[in-house]
Every structure is written in structure tokens, then in C-alpha cells.
Amino acid sequence: MEAAREQAAKATKRQKTSANAVREALEGLEKAVEGAKRDVVAGENVEERVSQLAKEVQALATDEKVSAGQREMQSAVAKLGKALDKAFMSDISKVCRKGKQFNKDTLQEVIAQHFFREGRFEEGDVFVRETGMVPERSLKSEFEEMHGIIDSIEKKKVQPALDWAVQHREKLNPEGLPSELEFKLVRLEYIRRLKHEGKMAALRFARESFPQHGVGQMHEISKLMGCLLYEDKLEASPYKQIVLDDMWGDVRKCFLQEYCKTVGHSSVSPLRVVVNAGALALQALLKLTTIMSTAGLSDGDELPVEIPLGPQYVFHSIFTCPVSKEQCTAENPPMRLQCGHVLCKQSIQKLARGGARPFKCPYCPTECLEAKCQKIHF
Amino acid sequence: MDAKKESTETPLIRVPYEALKRSVRDESKALQEEMARITQQMEVLQQEQRDKTIVVGELEDVSDRIQNLKRKLQEREKAEKRLLNSCYARLDYLSKPSSPDEVEEFERERLDRILVDYLLRASLTESGLAVLKNAALEKLVDVDIFLEIQRIASTLEKRDCGSALAWCAKNAGRLKKMKSSLEFNLRVQEFVEHVRSGKLLDAVQHARLHLAPWSSIYSKQFYEAMGVLVFGPGTKCERYRKYFAPARWDELVGWFKHDCFRLHSLTTESLLSVHLQAGLSVLNSHRDSTEEVNIEDPMQLKQFQTLAAGLPRAKHLHSKIRCWLTKQVMTDENPPLLLPNGMVYSRKGLESMALADAGW
């Protein structure tokens with residue numbers, strides 16, 4: 001990439017040089033022709049003057065500077081091309097399976113939902129209108145409330161979020177106590193009052209609102225009460241971390257996650273997750289297509305190689321039997337042998353060969369009985 | 001961003017680069033040709049003309065040529081400068097992200113770029129431009145190209161081949177190199193329309209003029225077109241009926257767009273298609289209906305399962321176990337522990353559960 005950038009800079013310089021050379025040559029040509037014209041009109045010998053001009057034109061037309069400038073420019077562009085070939089994959093659409101078409105309605109729904117979920121109502125509305133899709137499928141209303149509250153959080157107003165948190169107390173915390181989100185919001189309000197209305201106002205508020213959070217948040221509450229002593233000088237106090245932390249950002253994130261959880265949505269737009277995963281996997285998949293040289297990705301049911309994406313993309317447990325290299329399923333669950341090693345049921349059955357005789361675990365030479373293998377859950 | 005890995009943002013840089021390469025080559029050719037012409041004109045002048053007025057006239061002509069050339073080259077140079085700047089700016093943009101915040105910002109913009117690309121290709125111009133404006137992506141999306149394509153495509157959608165044919169004429173050389181059959185198919189469609197409206201004589205004349213030259217290259221399709229003339233619009237024979245169907249025009253629009261993308265070094269599939277196909281494959285794995293559903297998992301949504309139809313699933317050679325308690329993947333530092341009832345949880349999960357319940 002660096003190399004390509006340098007080449008681009010070089011090419012820009014060469015282009016300037018070449019352009020200047022060409023311009024000079026053309027201007028010289030112009031002058032020569034104009035000069036000859038004037039002289040001929042003024043009465044000089046036509047034959048001689050034209051002869052002279054022809055020589056001048058010849059010289060300018062084959063000017064070394066011009067041809068050198070052109071050559072160098074083309075060479076710089078070619079070098080840039082080579083650098084780009086090295087820095088970029090060749091054709092990314094090779095990854096697409098031949099003949100695969102996405103269901104248009106589903107795709108449009110997904111895109112519309114993405115817009116509304118991320119609070120981009122303007123774009124979402126334009127999209128819904130332009131595609132003519134059924135507006136209800138876009139889930140706009142579900143996200144309107146959420147973004148209304150997020151807006152107020154961004155304007156540093158705690159109340160709407162707090163109302164929501166109180167209203168949904170049961171869903172947020174199954175034990176019936178106020179949720180962590182609720183406490184965070186209350187904490188923000190307390191600090192605001194401390195800063196803007198003085199410690200008496202803050203103390204009053206604390207007396208009203210803190211007790212119900214006492215069970216889980218005593219540690220934090222005692223810190224906040226300590227802040228009362230430093231009402232004007234929080235930044236210089238031992239509690240300065242409280243004002244430095246990005247509490248509003250944290251609350252926004254927390255609210256987003258809790259809201260989505262209560263309505264049963266993921267906290268990140270699924271479209272974003274899939275596209276990011278795709279971008280991560282793209283290089284590996286493209287290398288695959290060059291090796292396999294069939295139309296698009298594998299023709300089979302499964303990709304031929306594993307493409308690790310990292311723990312944030314592991315959404316459910318996957319157990320691969322170390323013997324058969326197959327994924328375990330409900331019909332073929334992981335089973336623990338007496339020695340502690342885990343294989344899938346089918347592999348165990350194959351090893352035991354149906355008899356009641358013990359068989360050897362493939363990893364350690366312990367003998368195990370099929371009947372004694374325990375099914376495990378993750 | 002790993003600088004050593006090859007970037008997958010190929011079309012972003014290819015579009016300005018290929019345009020630049022072509023422009024430089026064309027400029028060089030134009031300059032050489034014009035200079036040769038001028039030199040030759042001078043030679044003729046030198047050898048033949050003596051008359052003052054004629055000479056002056058010729059010299060003025062040469063002067064005009066030079067002016068023309070100067071102007072054309074200046075325009076080209078401006079365009080080349082713009083393209084070079086674009087190349088440099090885009091390379092710069094791609095090499096920037098390093099901190100996690102920057103990477104997150106880059107990924108956010110990337111999704112927007114991908115969406116704009118999809119929307120503009122799908123003729124959802126208003127939506128595409130709205131996203132473009134809101135995300136300020138004007139420099140990173142080749143809007144002009146898409147808008148031009150859309151302009152011509154919409155005339156095709158109105159069943160008018162005129163603009164599309166003009167475009168073919170303008171790019172004839174490169175289309176020929178690409179072995180494009182677009183022009184031929186457009187001419188065939190015009191022919192079909194003549195037949196549809198009953199103007200059979202016009203149809204035959206049209207065929208003589210515009211289809212015959214292609215008959216050797218596309219002989220099978222050519223004879224099929226002749227068959228269309230014979231069978232007429234009311235035919236029930238599928239082979240010829242398809243030419244009269246509205247779907248034929250949709251196909252033409254598709255072929256036109258396809259050739260346009262190729263010509264401009266854009267991918268023939270939308271960036272969204274590329275990334276979705278890759279992502280859906282790599283995230284999709286065999287699922288248990290009894291397993292608890294993770295709402296963060298896109299693949300548990302019916303819509304994404306529909307979209308993933310026909311795509312290969314991910315292969316997992318290594319087990320990845322997610323602790324139900326902590327929702328984290330178990331590692332060597334946080335290993336799985338088996339309880340007597342057969343349930344497996346991570347050590348950290350069990351430890352925190354023990355803490356919360358005071359030791360149990």
C-alpha cells in the first residue's frame with residue numbers, strides 16, 4: 001500500500017513535468033507558425049520562409065523533452081499499476097456463487113431495518129418509499145421509541161431513559177430489584193445536581209433515589225456520597241475519576257443493549273455483523289477460489305477450509321469431534337469417556353463396535369465402556 | 001489494518017487508475033498523430049505552395065489545429081490530475097486506520113459505501129444519494145459513473161434502445177475487445193419491436209442494415225431472430241416467444257449494466273452481494289433446534305437464513321465452546337469444567353456463580 005502511494009505521488013510529479021513540456025512545445029509551435037504568417041504577409045520570400053518554418057516545426061515536433069516526458073509519465077503509471085497489483089486482490093466478485101440471487105424482498109427488509117435500527121430515519125423513509133416496500137416490515141416503530149430516548153440521553157437528559165428503566169424493571173432484572181441501568185441513570189442525575197444545584201439538592205435527591213439500589217450498589221453509593229465533600233472541586237478530589245469517565249457514553253451503550261434485549265433484538269445491526277464478518281473472511285475465501293478454480297465458492301454444502309473470525313463471532317458452541325472432524329448435533333452429541341476425553345457419539349459407537357467390550361480411547365490408552373460414556377451439554 | 005495483506009478494496013482504486021491509464025495512453029496517441037499531421041502539412045506546403053494567400057490560409061489552418069490540440073490536451077491533463085489525486089487520496093484513506101476507534105469508524109463507513117454501491121446499482125438513486133450525502137462519501141464513490149449508467153438504463157427500461165446504442169458506438173473498440181454481444185442484442189430487440197408492431201418491411205430493412213454484419217459471429221442468434229420474423233408476436237413457441245416478453249427488456253437492462261460495470265473496472269456483482277455471500281457462508285453453521293438461541297447471532301433470524309439459501313456453510317475443525325454463564329468463549333486460561341449432571345461451564349463462570357452464592 002505504501003509503495004503504491006509513493007508511486008501515485010511520483011506519477012503526479014511526472015504528469016506535471018510532461019504537461020509542462022508539452023505545453024512549451026505547443027506554444028513554441030504556435031509562435032513559430034504565427035511568426036511565419038506575419039513574415040509572409042509582410043512580404044518576405046514565401047519559399048524561404050516556409051522552408052525555415054518547416055525546419056522549426058520539425059525540431060519542435062520531435063522535441064526530446066516532450067517525448068521523454070510522455071515516456072516517463074507512462075512508465076510511472078505502469079509502475080503504479082504494478083504496485084496496485086501487489087497491494088490489492090484481483091477480482092473480489094469471484095467469491096460470488098454463480099447464479100445466486102438474493103431474495104429481493106428479504107434483502108430490502110433487511111436494509112430498511114438496518115436504517116431504522118441505527119436511527120437513520122430520514123434515509124430509511126426514503127428507502128421505504130423508493131422501493132415501495134410494505135412499511136410495517138421495516139420495524140420503524142420499534143426503533144423510534146429507542147432512538148427518541150437515545151436522543152435525550154445525547155442531550156444529557158436522564159428522565160425519559162429513567163422512566164423507561166423503571167417501567168421495564170421486571171424485564172431488566174428478574175430478581176425484581178432496580179437494574180444496573182437504572183442506577184447508572186440515577187447516578188448521572190445525582191452528579192448533575194451536585195454540579196449545578198449544589199450539595200443540598202444532591203443530598204435530597206440521594207435520599208430519595210439511592211436507598212432502593214442499596215443492595216447491589218453500596219460500594220458505588222458510598223463513593224458518590226463522598227463526593228458531597230468536594231462539590232466544587234471534584235476534579236481535584238480522590239473521586240475525580242467520576243467526572244473524567246465517559247458516563248454518558250457508557251449509559252447510552254448500556255441503554256441500547258438493555259432496550260434491544262427486552263424487545264428481543266441484537267444490540268448490533270445484523271446486517272453490519274454479517275458484512276463485517278464477510279470482510280474479515282473475504283481474503284481467505286478469494287484465495288480459495290484461485291486454488292479451486294470452480295465457478296464461485298465450493299459447489300458442495302460446506303466450505304473446504306476453516307476460516308477463523310475471532311471470539312466475537314462465536315455465537316453458539318460448536319463442538320467438533322477430534323476423531324471424525326464432524327460437528328456434533330443433537331442426534332450425534334458429544335460424549336465424555338471415562339478418561340475425560342470427549343468424542344462424538346458416532347465415533348464412540350464405531351470404536352466400541354457394538355459390543356459390551358471395552359475399547360481404547362484414541363488419546364490415552366484408558367479402556368472405556370460404551371455404556372459408561374456420559375452425554376454432555378454446553 | 002495489516003499492510004502486508006492484500007486489500008479487498010480493489011474496485012475503489014481500480015476505477016480511477018484504469019481511467020487514468022487509458023487517458024494517458026490516448027493522450028500520447030493523440031499528440032503523436034496530430035504532430036505527424038502538422039509535420040506532413042508543412043512538408044506539403046514546403047514543396048508545393050508558392051502563392052502567398054494560399055500559404056497564409058494554410059498557416060492559419062495549422063495555427064487552428066495547434067490551438068485545438070492545446071485545448072484538448074489541457075482538458076485531458078485536468079482530468080488526469082483529478083484521477084491521480086483520487087488515486088492518491090483513496091490509497092491514503094485505505095492505509096489510515098490503526099487504532100480501534102479508527103478501525104470502527106472505517107468499518108462503519110465501509111458498510112455505508114457498500115450500501116450506496118448497492119442502491120445506485122439497483123436504480124434506487126434517491127436512497128443511494130441520501131446515504132451518500134449523510135455519510136459524506138462523495139470522494140469514495142464514483143457517483144458520476146453510476147448516474148450515467150442509470151440515465152441510459154432508464155431509457156432502456158422505457159423500451160428505447162437509442163441512448164444505449166449511442167453508448168455502444170462510443171465504446172465500440174473496447175466492447176469488441178470484451179467480446180460484448182450487447183450491441184447485437186440491442187439491434188435484435190429493435191428488430192423484434194418492428195415485428196411486434198407489424199412493420200415487417202421495416203424489420204427486414206433493419207435486419208439487412210444492422211443484423212447482417214453480426215451474422216457470422218452470432219449465427220445461432222441471428223437465425224433465431226429470423227425465426228422471430230416468421231413466427232410473429234402471437235407465437236406460442238417458447239423459443240421465439242421470449243423475444244416478445246417484457247422480461248427480455250429486463251435482461252437487456254441487466255446486460256447493459258453488466259457491460260458498463262466491466263468497462264469502468266467496477267465489479268460485476270455489487271459489493272453488498274460480495275460481502276453478504278462471504279459473511280453468510282462464514283457465519284452459517286449447522287444449528288441445533290434444541291439449542292438456546294443467541295439473539296446476537298444474525299443467523300438465528302429467519303431473514304438471514306433465507307438469504308443464506310444455497311450458500312456453503314462454514315467448516316469448523318476446532319471446537320469453540322461458549323460458556324452459557326459468562327457468554328464468553330472458553331480458552332486455556334478459562335477452561336471448561338464438567339459438572340456431575342453433564343453440564344459444562346467455564347471456570348470463570350462457575351467461580352463467579354460461587355461468589356454470588358457465597359461459596360456454593
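Colleague: Which residues form the positive surface patch, and which helix gives the most to the patch?

Modeller: In this predicted model, the positive surface patch is formed by Lys10(A), Lys13(A), Lys79(A), Lys82(A) and Lys86(A). The elements that contribute two or more residues to the patch are helix H1 (2-42) and helix H3 (64-87) of chain A. With three residues, the element that gives the most to the patch is H3(A).

Colleague: Is Lys10(A) buried, partly exposed or exposed, and what is its relative accessible area?

Modeller: Lys10(A) is one of the residues that form the positive patch, and Lys10(A) lies in helix H1 of chain A. Since buried means under 20% and exposed means over 50%, Lys10(A) counts as partly exposed, because its relative accessible area is 43%.

Colleague: How many salt bridges does the structure hold over all chains?

Modeller: Among the salt bridges is the one between Arg5(A) and Glu2(A), and another joins Lys184(A) to Glu180(A). Over all chains, the number of salt bridges that the structure holds is 41.

Colleague: How far apart are the closest N and O atoms in the salt bridge of Arg5(A) with Glu2(A), and where do both residues lie?

Modeller: Both Arg5(A) and Glu2(A) lie in helix H1 of chain A, where they are three residues apart, about one turn of the helix. Arg5(A) is buried, because its relative accessible area of 18% is under the 20% limit, whereas Glu2(A) is partly exposed at 42%. The closest N and O atoms of this salt bridge are apart by 2.2 Å.

Colleague: Which residues are joined into one network by salt bridges that share partners?

Modeller: Asp250(A), the partner of Lys184(A), counts as partly exposed at 34% relative accessibility. Elsewhere, salt bridges that share partners form one network, whose residues are Glu118(A), Arg120(A), Glu123(A), Arg272(A) and Asp112(B).

Technical notes. Residues numbered from 1 in each chain as written. Chains lettered and ligands numbered in written order. Predicted model: local features only at pLDDT ≥ 70, side-chain atom pairs only at ≥ 80, totals over all residues. Heavy atoms only, no water. Patch = residues over 30% accessible without salt bridge, like charges linked within 9 Å, V, L, I, M, F, W, Y side chains within 5 Å. Areas by Shrake-Rupley, 256 points an atom, 1.4 Å probe, with all protein chains shown as cover. Salt bridge = Lys/Arg side-chain N within 4 Å of Asp/Glu carboxyl O. Lys, Arg positive; Asp, Glu negative; His and termini not counted. Charge placed at Lys NZ, Arg CZ, Asp CG, Glu CD. Helix = DSSP H or I, 4+ residues; strand = E, 2+ residues; numbered from the N terminus. Buried < 20%, exposed > 50% of the residue type's maximum accessible area, 1.4 Å probe, protein only.
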